[in-house]
Amino acid sequence: MLEKLRERLQAHRPQRLRLAMPEAAVLIPIVTRHEPTLLFTRRADHLDTHRGQVAFPGGKREEHDRDLLDTALRESEEEIALPRGQVELLGQLSEVVSLHGLKVTPYVGLIPPDLPLTPDPNELDAIFEVPLALFLDDCRSHTDVITVDGRPYYVPSYQAQGQVIWGLSAMMLVELLSEGFGCPVSLDRAPDGGPLRHRPPRRGPRQTSPTTHSRQD
């Protein structure tokens, strides 16, 4: 399964957004257990923004970062003590725009099981894993309908390990599932079943090219 994922992601052509805005990057770590899992973090409750939210390790690009992959690996090392040498990069997903005005680039990588990972208490209060099968089986609790500039996006929301996985992280997961595993999920259409929860409409950032569109959490 993971070898097929590697092939599909290497052939994938991720979307790039023509937006002049601050950049960030995250790592989507797949733990290579017998039954693979995805690794998530929970933002600490004392933070001014994103408190209590589930996310992948990552953060804003800094001046000394060589590129956005370097950003994702550096932030992962700082946040969860993940050595970059333990990450086997599989590929990149499309850029997305966060609600707080960051253009975020996700990278997908494999990591070994049972690494001595530790959350940085200044930023996180938990690291946890969720079986990849939960997402492959599309075990969403509901779907958030987020309308940006009149266009609806159907964003799954999952519950696992007592946490809620939704918003920007869930949008990244949809592309991983669709492009990486060939799952019949999409942000552009409603799922066959399950409740829909409509979020307030939003305006997207202005872009320099009319041929691209943005995705927001």
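**Group meeting: strands, a buried loop residue and a pocket**

Arg42 stands opposite Val54 in β3.

First, the ground rules. This is a predicted model, where local features need pLDDT of at least 70, side-chain atom pairs count only at pLDDT 80 or more, and totals for chains, interfaces and linings use all residues. Residues are numbered from 1 along each chain as its sequence is written, and side-chain values use heavy atoms, with hydrogens and water left out. Helices (H or I, at least four residues) and strands (E, at least two) are DSSP runs, numbered from the N terminus. Two strands pair if DSSP finds at least two bridges between them.

Back to β2. Two bridges join β2 to strand β3, residues 54–55, and the two run antiparallel. On to strand β8, residues 124–131. Seven bridges link β2 to β8, again antiparallel. Phe40 has Phe128 as its bridge partner in β8.

How buried is β2? Seven of its seven residues are buried, so β2 is largely enclosed by the rest of the structure. Buried means under 20% relative accessible area, exposed over 50%, partly exposed in between (1.4 Å probe, protein chains only). In a regular strand the side chains alternate between the two faces of the sheet. Here, Thr37, Leu39, Thr41 and Arg43 point one way from β2. Leu38, Phe40 and Arg42 point the other way, and all are buried.

Next, strand β1, residues 23–31. Eight of its nine residues are buried. β1 and β2 form a hairpin with five residues between them. They run antiparallel, joined by two bridges. Ile30 stands opposite Leu38, and Val31 has Thr37 as its bridge partner.

Which other strands does β1 pair with? Strand β7, residues 103–111, pairs with β1 in the parallel sense over nine bridges. There, Ile28 is partnered by Val108. Strand β4, residues 58–60, is joined to β1 by three bridges and runs antiparallel to it. Ala24 bridges to Lys60 in β4.

Leu93 sits in the loop between β5 (88–92) and β6 (96–97). Is Leu93 buried or exposed? At 0% relative accessibility, it counts as buried. Contact means heavy atoms within 4.5 Å. Leaving aside neighbours within four places in sequence, the contacts of Leu93 include Ile28, Val108, Met172 and Leu176.

Over to another sheet. Four strands form an open sheet in the order β11-β10-β9-β12, with mixed pairing. β11 (163–165) and β12 (196–198) stand at the edges, each with a single partner strand, so one side of each is left without a neighbour in the sheet. Strand β10, residues 151–160, pairs with β11 in the antiparallel sense over three bridges. Tyr158 bridges to Ile165 in β11.

Last, the second largest pocket. A pocket, on a 1 Å grid over the protein atoms alone, is an open set of points where a 1.4 Å probe fits, with protein on both sides within 12 Å along at least five of seven lines; lining residues have an atom within 4 Å of a point. Which residues line this one? Among them are Asp138, Arg140, Ser186, Arg189 and Asp192. Pro184, Val185, Ala190 and Pro191 are also in the lining.

That's the tour. Questions welcome.
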